[in-house]
Amino acid sequence: MSVIEARNRFGGRILTAGNNGADCDLGPSWFWPGQPLVAGLLEHFRIPHYAQFADGDILLQRADGKIERSSSPSPMTGSRRIQGGINQLVDAIAAQIDNSHCFLDHMAIALSLDGDAIIVDANAPSGRTLMRAQHVALAIPPRLAAELQYTPELPLEVMRVLAETPTWMAGHAKFFAVYDQPFWRENGLCGTALSQAGPLAEIHDASPGAENSFSLFGFSGLDSQSRETMGQAEFIRHATMQLATLFGDQANSPQAVYFQDWSSERFTASVADRRPPTRHPQYGLDLRMDSGWDGKLSFISSETSFRNGGLIEGALESGLGFAGRMTGSGAGAH
Ligand SMILES: Cc1cc2nc3c(=O)[nH]c(=O)nc-3n(C[C@H](O)[C@H](O)[C@H](O)COP(=O)(O)OP(=O)(O)OC[C@H]3O[C@@H](n4cnc5c(N)ncnc54)[C@H](O)[C@@H]3O)c2cc1C
(Lines give C-alpha, C1' and ligand atoms only; values in the text may rest on other atoms or scores of the structure.)
Protein backbone atom coordinates (compact mmCIF):
# COMPACT_ATOMS: atom_id res chain seq x y z
CA MET A 1 0.00 0.00 0.00
CA SER A 2 1.22 3.52 -0.81
CA VAL A 3 -0.09 6.86 0.42
CA ILE A 4 -0.07 9.85 -1.92
CA GLU A 5 -0.53 13.17 -0.11
CA ALA A 6 -0.61 16.60 -1.75
CA ARG A 7 0.50 18.53 1.33
CA ASN A 8 3.91 18.25 2.91
CA ARG A 9 2.31 16.84 6.06
CA PHE A 10 -0.23 14.18 7.00
CA GLY A 11 -3.51 15.01 8.72
CA GLY A 12 -5.51 16.97 6.15
CA ARG A 13 -8.18 18.89 8.07
CA ILE A 14 -6.54 17.75 11.33
CA LEU A 15 -3.91 20.31 12.34
CA THR A 16 -2.49 21.12 15.78
CA ALA A 17 -0.36 24.24 16.23
CA GLY A 18 1.41 25.88 19.14
CA ASN A 19 4.38 25.37 21.38
CA ASN A 20 5.08 25.25 25.14
CA GLY A 21 2.08 22.97 25.56
CA ALA A 22 -0.41 25.32 23.87
CA ASP A 23 -1.68 22.55 21.52
CA CYS A 24 -4.24 24.49 19.48
CA ASP A 25 -6.42 22.28 17.29
CA LEU A 26 -6.97 24.50 14.26
CA GLY A 27 -9.15 21.87 12.56
CA PRO A 28 -11.24 19.43 14.61
CA SER A 29 -11.17 19.75 18.40
CA TRP A 30 -13.62 17.17 19.64
CA PHE A 31 -14.88 13.66 19.55
CA TRP A 32 -17.99 12.45 21.31
CA PRO A 33 -19.15 9.51 23.41
CA GLY A 34 -20.64 6.91 21.05
CA GLN A 35 -17.78 7.15 18.55
CA PRO A 36 -16.12 3.77 19.08
CA LEU A 37 -13.50 4.02 16.31
CA VAL A 38 -11.87 7.22 17.58
CA ALA A 39 -12.07 5.93 21.17
CA GLY A 40 -10.61 2.57 20.13
CA LEU A 41 -7.67 4.16 18.32
CA LEU A 42 -6.89 6.41 21.28
CA GLU A 43 -6.93 3.40 23.55
CA HIS A 44 -4.78 1.39 21.12
CA PHE A 45 -2.14 4.14 20.97
CA ARG A 46 -2.55 4.98 24.70
CA ILE A 47 -3.33 8.61 23.92
CA PRO A 48 -5.13 10.27 26.85
CA HIS A 49 -8.19 12.45 26.40
CA TYR A 50 -10.18 14.73 28.66
CA ALA A 51 -13.60 16.36 28.92
CA GLN A 52 -14.20 19.72 27.26
CA PHE A 53 -14.17 22.30 30.06
CA ALA A 54 -17.79 23.32 30.62
CA ASP A 55 -18.03 24.40 34.30
CA GLY A 56 -19.57 27.83 34.63
CA ASP A 57 -21.91 30.21 32.88
CA ILE A 58 -22.03 30.90 29.17
CA LEU A 59 -22.29 34.33 27.51
CA LEU A 60 -24.69 35.42 24.79
CA GLN A 61 -23.74 38.47 22.73
CA ARG A 62 -26.61 39.98 20.77
CA ALA A 63 -26.27 41.69 17.39
CA ASP A 64 -26.41 45.12 19.11
CA GLY A 65 -23.44 44.04 21.28
CA LYS A 66 -25.44 43.58 24.49
CA ILE A 67 -24.04 40.71 26.57
CA GLU A 68 -26.15 38.35 28.68
CA ARG A 69 -24.90 35.74 31.08
CA SER A 70 -26.71 32.40 31.26
CA SER A 71 -26.44 29.30 33.42
CA SER A 72 -27.54 27.11 30.47
CA PRO A 73 -25.02 24.37 29.77
CA SER A 74 -22.40 24.91 27.07
CA PRO A 75 -23.51 23.17 23.84
CA MET A 76 -20.18 21.31 23.88
CA THR A 77 -20.73 19.74 27.30
CA GLY A 78 -19.82 16.06 27.13
CA SER A 79 -17.45 16.35 24.17
CA ARG A 80 -13.87 15.21 24.57
CA ARG A 81 -10.47 16.60 23.60
CA ILE A 82 -7.24 14.79 22.94
CA GLN A 83 -4.27 15.46 25.21
CA GLY A 84 -1.55 17.14 23.18
CA GLY A 85 -3.95 17.90 20.33
CA ILE A 86 -5.57 15.71 17.68
CA ASN A 87 -2.30 15.55 15.75
CA GLN A 88 -1.26 12.95 18.33
CA LEU A 89 -3.57 10.55 16.52
CA VAL A 90 -2.21 11.49 13.08
CA ASP A 91 1.40 11.06 14.24
CA ALA A 92 0.64 7.69 15.80
CA ILE A 93 -1.03 6.40 12.61
CA ALA A 94 1.66 7.86 10.31
CA ALA A 95 4.35 6.14 12.36
CA GLN A 96 2.79 2.79 11.35
CA ILE A 97 3.33 3.42 7.64
CA ASP A 98 6.62 2.48 6.01
CA ASN A 99 8.26 5.74 4.88
CA SER A 100 9.19 4.32 1.52
CA HIS A 101 5.45 4.03 0.78
CA CYS A 102 4.61 7.63 1.76
CA PHE A 103 4.63 10.22 -0.98
CA LEU A 104 4.19 13.67 0.55
CA ASP A 105 4.01 16.71 -1.76
CA HIS A 106 2.43 14.51 -4.43
CA MET A 107 -0.79 15.98 -5.81
CA ALA A 108 -2.88 13.48 -7.76
CA ILE A 109 -4.23 15.13 -10.90
CA ALA A 110 -5.45 12.30 -13.11
CA LEU A 111 -6.42 8.63 -12.98
CA SER A 112 -6.61 6.35 -15.97
CA LEU A 113 -7.57 2.74 -16.39
CA ASP A 114 -4.90 0.53 -17.89
CA GLY A 115 -6.16 -3.03 -18.19
CA ASP A 116 -6.56 -4.34 -14.66
CA ALA A 117 -4.69 -1.44 -13.10
CA ILE A 118 -5.11 2.29 -12.49
CA ILE A 119 -2.36 4.74 -13.40
CA VAL A 120 -2.19 7.67 -10.98
CA ASP A 121 -0.69 10.81 -12.44
CA ALA A 122 0.69 13.14 -9.75
CA ASN A 123 2.54 16.44 -9.58
CA ALA A 124 5.59 16.00 -7.37
CA PRO A 125 8.58 18.23 -6.50
CA SER A 126 10.63 16.22 -8.99
CA GLY A 127 8.01 16.73 -11.71
CA ARG A 128 5.23 14.57 -13.05
CA THR A 129 5.10 11.09 -11.50
CA LEU A 130 3.14 8.06 -12.69
CA MET A 131 2.23 5.29 -10.27
CA ARG A 132 0.47 2.03 -10.96
CA ALA A 133 -2.07 0.55 -8.56
CA GLN A 134 -4.55 -2.30 -8.47
CA HIS A 135 -6.97 -0.27 -6.36
CA VAL A 136 -7.18 3.43 -5.62
CA ALA A 137 -9.05 4.78 -2.59
CA LEU A 138 -9.57 8.52 -2.91
CA ALA A 139 -9.55 9.81 0.66
CA ILE A 140 -9.92 13.39 -0.57
CA PRO A 141 -13.07 15.51 -0.22
CA PRO A 142 -15.62 14.53 -2.92
CA ARG A 143 -15.60 18.02 -4.46
CA LEU A 144 -11.82 17.78 -4.95
CA ALA A 145 -12.25 14.27 -6.35
CA ALA A 146 -14.63 15.78 -8.93
CA GLU A 147 -11.79 18.06 -10.10
CA LEU A 148 -9.47 15.16 -11.05
CA GLN A 149 -9.32 13.88 -14.63
CA TYR A 150 -10.58 10.34 -15.24
CA THR A 151 -9.91 8.23 -18.35
CA PRO A 152 -12.38 6.86 -19.22
CA GLU A 153 -14.69 9.51 -17.77
CA LEU A 154 -16.68 8.61 -14.67
CA PRO A 155 -20.45 8.31 -15.10
CA LEU A 156 -22.09 11.77 -15.16
CA GLU A 157 -24.24 10.93 -12.14
CA VAL A 158 -21.12 10.05 -10.11
CA MET A 159 -19.46 13.34 -11.07
CA ARG A 160 -22.63 15.25 -10.15
CA VAL A 161 -22.86 13.65 -6.70
CA LEU A 162 -19.16 14.25 -6.01
CA ALA A 163 -19.37 17.90 -7.07
CA GLU A 164 -22.52 18.53 -5.01
CA THR A 165 -21.26 17.03 -1.74
CA PRO A 166 -20.09 19.86 0.56
CA THR A 167 -16.78 19.39 2.35
CA TRP A 168 -17.63 19.57 6.03
CA MET A 169 -16.25 22.73 7.73
CA ALA A 170 -14.18 23.64 4.66
CA GLY A 171 -15.65 27.15 4.52
CA HIS A 172 -14.82 27.88 8.17
CA ALA A 173 -11.99 29.57 10.05
CA LYS A 174 -10.76 29.22 13.63
CA PHE A 175 -9.01 31.73 15.87
CA PHE A 176 -7.06 30.87 19.05
CA ALA A 177 -5.78 33.15 21.79
CA VAL A 178 -3.38 31.61 24.33
CA TYR A 179 -3.06 33.02 27.89
CA ASP A 180 -1.09 32.19 31.01
CA GLN A 181 -4.19 32.45 33.22
CA PRO A 182 -7.75 31.13 32.78
CA PHE A 183 -9.26 34.47 33.89
CA TRP A 184 -12.70 33.59 32.52
CA ARG A 185 -12.86 30.50 34.73
CA GLU A 186 -11.93 32.65 37.73
CA ASN A 187 -15.04 34.74 36.94
CA GLY A 188 -17.28 31.67 36.91
CA LEU A 189 -17.44 31.47 33.11
CA CYS A 190 -16.86 28.27 31.19
CA GLY A 191 -15.45 30.14 28.17
CA THR A 192 -18.40 29.47 25.88
CA ALA A 193 -19.91 32.52 24.19
CA LEU A 194 -22.41 32.58 21.35
CA SER A 195 -22.31 35.84 19.44
CA GLN A 196 -24.45 37.51 16.80
CA ALA A 197 -22.09 40.50 16.82
CA GLY A 198 -18.89 38.79 15.71
CA PRO A 199 -16.38 38.47 14.25
CA LEU A 200 -16.36 35.21 16.27
CA ALA A 201 -19.72 33.44 16.36
CA GLU A 202 -19.02 30.57 18.75
CA ILE A 203 -16.26 30.64 21.36
CA HIS A 204 -15.07 27.91 23.72
CA ASP A 205 -12.40 27.18 26.27
CA ALA A 206 -9.66 25.29 24.43
CA SER A 207 -7.17 24.94 27.27
CA PRO A 208 -4.94 21.94 26.69
CA GLY A 209 -4.87 20.75 30.28
CA ALA A 210 -1.35 22.12 30.93
CA GLU A 211 -0.67 24.13 34.09
CA ASN A 212 0.66 27.26 32.42
CA SER A 213 -1.25 27.42 29.18
CA PHE A 214 -4.90 28.28 28.73
CA SER A 215 -6.76 29.27 25.63
CA LEU A 216 -9.98 30.43 24.10
CA PHE A 217 -10.91 29.68 20.52
CA GLY A 218 -13.68 30.84 18.26
CA PHE A 219 -15.22 29.95 14.93
CA SER A 220 -15.45 32.90 12.58
CA GLY A 221 -18.95 34.30 12.13
CA LEU A 222 -17.83 36.16 9.01
CA ASP A 223 -18.07 34.34 5.71
CA SER A 224 -15.02 33.55 3.61
CA GLN A 225 -15.44 36.60 1.34
CA SER A 226 -15.73 39.01 4.30
CA ARG A 227 -12.66 37.47 5.93
CA GLU A 228 -10.71 37.94 2.73
CA THR A 229 -11.80 41.58 2.46
CA MET A 230 -10.95 42.23 6.12
CA GLY A 231 -7.53 40.57 5.95
CA GLN A 232 -5.98 38.27 8.53
CA ALA A 233 -4.33 40.96 10.69
CA GLU A 234 -7.58 42.92 11.04
CA PHE A 235 -9.55 39.76 11.76
CA ILE A 236 -7.13 38.86 14.56
CA ARG A 237 -7.33 42.41 15.95
CA HIS A 238 -11.14 42.42 15.97
CA ALA A 239 -11.37 38.88 17.36
CA THR A 240 -9.00 39.77 20.23
CA MET A 241 -11.05 42.90 20.99
CA GLN A 242 -14.22 40.79 21.02
CA LEU A 243 -12.68 38.38 23.54
CA ALA A 244 -11.79 41.38 25.74
CA THR A 245 -15.34 42.73 25.46
CA LEU A 246 -16.73 39.37 26.50
CA PHE A 247 -14.21 38.10 29.05
CA GLY A 248 -12.41 41.22 30.30
CA ASP A 249 -9.31 43.31 29.60
CA GLN A 250 -6.91 40.43 30.26
CA ALA A 251 -8.05 38.92 26.97
CA ASN A 252 -6.38 41.86 25.21
CA SER A 253 -2.92 40.45 25.92
CA PRO A 254 -2.64 36.90 24.61
CA GLN A 255 0.75 35.20 24.71
CA ALA A 256 0.11 33.90 21.21
CA VAL A 257 -2.65 33.84 18.62
CA TYR A 258 -3.33 31.38 15.81
CA PHE A 259 -5.66 31.74 12.86
CA GLN A 260 -6.54 29.15 10.26
CA ASP A 261 -8.85 29.85 7.33
CA TRP A 262 -9.76 26.51 5.77
CA SER A 263 -11.61 28.13 2.85
CA SER A 264 -8.28 29.19 1.34
CA GLU A 265 -6.72 25.73 1.66
CA ARG A 266 -6.70 24.31 -1.86
CA PHE A 267 -6.32 20.72 -0.62
CA THR A 268 -9.44 21.06 1.54
CA ALA A 269 -11.87 23.53 0.01
CA SER A 270 -13.21 23.86 -3.51
CA VAL A 271 -14.61 27.22 -4.66
CA ALA A 272 -18.13 25.97 -3.88
CA ASP A 273 -17.08 25.22 -0.28
CA ARG A 274 -16.58 28.92 0.42
CA ARG A 275 -20.33 29.01 1.06
CA PRO A 276 -20.71 26.38 3.77
CA PRO A 277 -23.98 24.56 4.48
CA THR A 278 -25.91 26.06 7.40
CA ARG A 279 -26.46 22.65 9.02
CA HIS A 280 -24.68 19.32 9.07
CA PRO A 281 -25.71 17.62 5.79
CA GLN A 282 -27.01 14.07 5.65
CA TYR A 283 -23.81 12.54 4.33
CA GLY A 284 -23.07 9.16 2.76
CA LEU A 285 -22.27 8.32 -0.86
CA ASP A 286 -23.44 5.19 -2.63
CA LEU A 287 -21.83 5.61 -6.03
CA ARG A 288 -22.72 3.23 -8.86
CA MET A 289 -19.47 3.22 -10.78
CA ASP A 290 -20.20 0.62 -13.49
CA SER A 291 -17.83 0.48 -16.49
CA GLY A 292 -14.23 -0.63 -15.95
CA TRP A 293 -13.79 1.42 -12.74
CA ASP A 294 -16.06 -0.83 -10.71
CA GLY A 295 -14.17 -2.43 -7.83
CA LYS A 296 -10.93 -0.60 -8.60
CA LEU A 297 -11.74 2.94 -7.51
CA SER A 298 -13.27 3.87 -4.15
CA PHE A 299 -14.18 7.17 -2.52
CA ILE A 300 -13.48 7.07 1.21
CA SER A 301 -13.32 10.60 2.63
CA SER A 302 -15.36 11.23 5.75
CA GLU A 303 -18.21 12.65 3.64
CA THR A 304 -18.79 9.20 2.12
CA SER A 305 -19.79 7.72 5.48
CA PHE A 306 -23.51 7.29 6.15
CA ARG A 307 -23.20 7.18 9.94
CA ASN A 308 -20.75 9.91 10.93
CA GLY A 309 -20.13 11.62 7.59
CA GLY A 310 -18.14 14.86 7.94
CA LEU A 311 -16.56 13.82 11.25
CA ILE A 312 -13.30 12.07 12.13
CA GLU A 313 -15.33 9.02 13.14
CA GLY A 314 -16.82 9.03 9.62
CA ALA A 315 -13.37 9.11 8.02
CA LEU A 316 -12.39 6.08 10.11
CA GLU A 317 -15.66 4.29 9.20
CA SER A 318 -15.04 4.84 5.50
CA GLY A 319 -11.37 3.81 5.72
CA LEU A 320 -12.18 0.71 7.70
CA GLY A 321 -14.99 -0.15 5.26
CA PHE A 322 -12.53 0.04 2.37
CA ALA A 323 -9.96 -2.09 4.23
CA GLY A 324 -12.67 -4.65 4.92
CA ARG A 325 -13.63 -4.84 1.24
CA MET A 326 -9.98 -5.24 0.22
CA THR A 327 -9.25 -8.00 2.72
CA GLY A 328 -12.67 -9.61 2.37
CA SER A 329 -13.24 -9.29 6.12
CA GLY A 330 -16.18 -6.91 5.75
CA ALA A 331 -14.85 -5.02 8.77
CA GLY A 332 -16.47 -1.68 9.42
CA ALA A 333 -18.53 -1.70 6.22
CA HIS A 334 -20.37 1.59 5.93
C1 LIG B 1 -12.45 23.87 11.39
C2 LIG B 1 -12.87 22.42 11.44
C3 LIG B 1 -13.44 21.92 12.61
C4 LIG B 1 -13.82 20.57 12.67
N5 LIG B 1 -14.29 20.07 13.86
C6 LIG B 1 -14.48 18.74 13.99
C7 LIG B 1 -14.68 18.15 15.28
O8 LIG B 1 -14.63 18.83 16.31
N9 LIG B 1 -14.86 16.78 15.33
C10 LIG B 1 -14.84 15.99 14.21
O11 LIG B 1 -15.02 14.76 14.33
N12 LIG B 1 -14.63 16.53 12.97
C13 LIG B 1 -14.43 17.87 12.85
N14 LIG B 1 -14.09 18.39 11.63
C15 LIG B 1 -14.13 17.53 10.45
C16 LIG B 1 -12.91 16.59 10.37
O17 LIG B 1 -11.73 17.36 10.38
C18 LIG B 1 -13.00 15.77 9.09
O19 LIG B 1 -14.17 15.00 9.07
C20 LIG B 1 -11.86 14.79 8.91
O21 LIG B 1 -10.63 15.31 9.31
C22 LIG B 1 -11.86 14.38 7.45
O23 LIG B 1 -10.84 13.45 7.20
P24 LIG B 1 -10.63 12.92 5.71
O25 LIG B 1 -9.41 12.08 5.78
O26 LIG B 1 -11.89 12.35 5.18
O27 LIG B 1 -10.36 14.23 4.82
P28 LIG B 1 -9.21 15.31 4.92
O29 LIG B 1 -8.78 15.50 6.33
O30 LIG B 1 -9.70 16.51 4.19
O31 LIG B 1 -7.99 14.64 4.15
C32 LIG B 1 -7.90 14.65 2.75
C33 LIG B 1 -6.43 14.61 2.39
O34 LIG B 1 -6.31 14.54 0.98
C35 LIG B 1 -5.26 15.41 0.59
N36 LIG B 1 -5.50 15.79 -0.81
C37 LIG B 1 -6.44 16.63 -1.31
N38 LIG B 1 -6.36 16.68 -2.65
C39 LIG B 1 -5.36 15.85 -3.00
C40 LIG B 1 -4.80 15.47 -4.25
N41 LIG B 1 -5.27 15.94 -5.42
N42 LIG B 1 -3.77 14.57 -4.25
C43 LIG B 1 -3.28 14.07 -3.08
N44 LIG B 1 -3.78 14.39 -1.88
C45 LIG B 1 -4.81 15.26 -1.83
C46 LIG B 1 -5.34 16.56 1.55
O47 LIG B 1 -4.14 17.28 1.62
C48 LIG B 1 -5.68 15.84 2.85
O49 LIG B 1 -4.52 15.45 3.56
C50 LIG B 1 -13.68 19.73 11.54
C51 LIG B 1 -13.09 20.24 10.37
C52 LIG B 1 -12.67 21.56 10.33
C53 LIG B 1 -12.01 22.09 9.07
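The shell around the ligand comprises 19 nonpolar, 9 polar and 5 charged residues, where Ala, Val, Leu, Ile, Met, Phe, Trp, Tyr, Cys and Pro count as nonpolar, Asp, Glu, Lys and Arg as charged, and the others, Gly among them, as polar. The model is predicted: local features need pLDDT of at least 70, side-chain atom pairs count only at pLDDT 80 or more, and totals for chains, interfaces and linings use all residues. Residues are numbered from 1 along each chain as its sequence is written.

**Ligand shell**

In total, 33 residues surround the ligand, and the closest are Gly 12, Arg 13, Pro 28, Met 169 and Leu 311; a residue is near the molecule if its C-beta atom, placed from the backbone, lies within 6 Å of it. At least two shell residues are supplied by each of β9 (107-114) and α8 (312-327). The largest share, 4 residues, comes from α8. Helices (H or I, at least four residues) and strands (E, at least two) are DSSP runs, numbered from the N terminus.

**Domains**

The protein chain is assigned domain 1 (15-86 + 171-264) and domain 2 (106-167 + 277-327), with bounds from an automatic or database domain assignment. Because both domains give residues to the shell around the ligand, it lies between them. Their C-alpha centres lie 32 Å apart. Contact between the domains involves 5 residues of domain 1 and 6 residues of domain 2, a contact being C-beta atoms, placed from the backbone, within 7 Å. On the side of domain 1 that touches domain 2, the residues divide into 4 nonpolar, 1 polar and no charged.

**Strand pairing**

Two strands pair if DSSP finds at least two bridges between them.

Strand β17 (residues 214-220) has 6 of its 7 residues buried, that is, with 20 or more other C-beta atoms within 10 Å of their own, C-beta atoms being placed from the backbone.

| Strand pair | Bridges | Bridge partners |
|---|---|---|
| β10 (residues 117-124) and β11 | 7 bridges | Asn 123 and Arg 128 |
| β14 (residues 173-179) and β17 | 6 bridges | Tyr 179 and Phe 214 |
| β16 (residues 200-205) and β17 | 5 bridges | Asp 205 and Leu 216 |

Technical notes: Contact = placed C-beta atoms within 7 Å. Buried ≥ 20, exposed ≤ 12 C-beta atoms within 10 Å, placed from the backbone.
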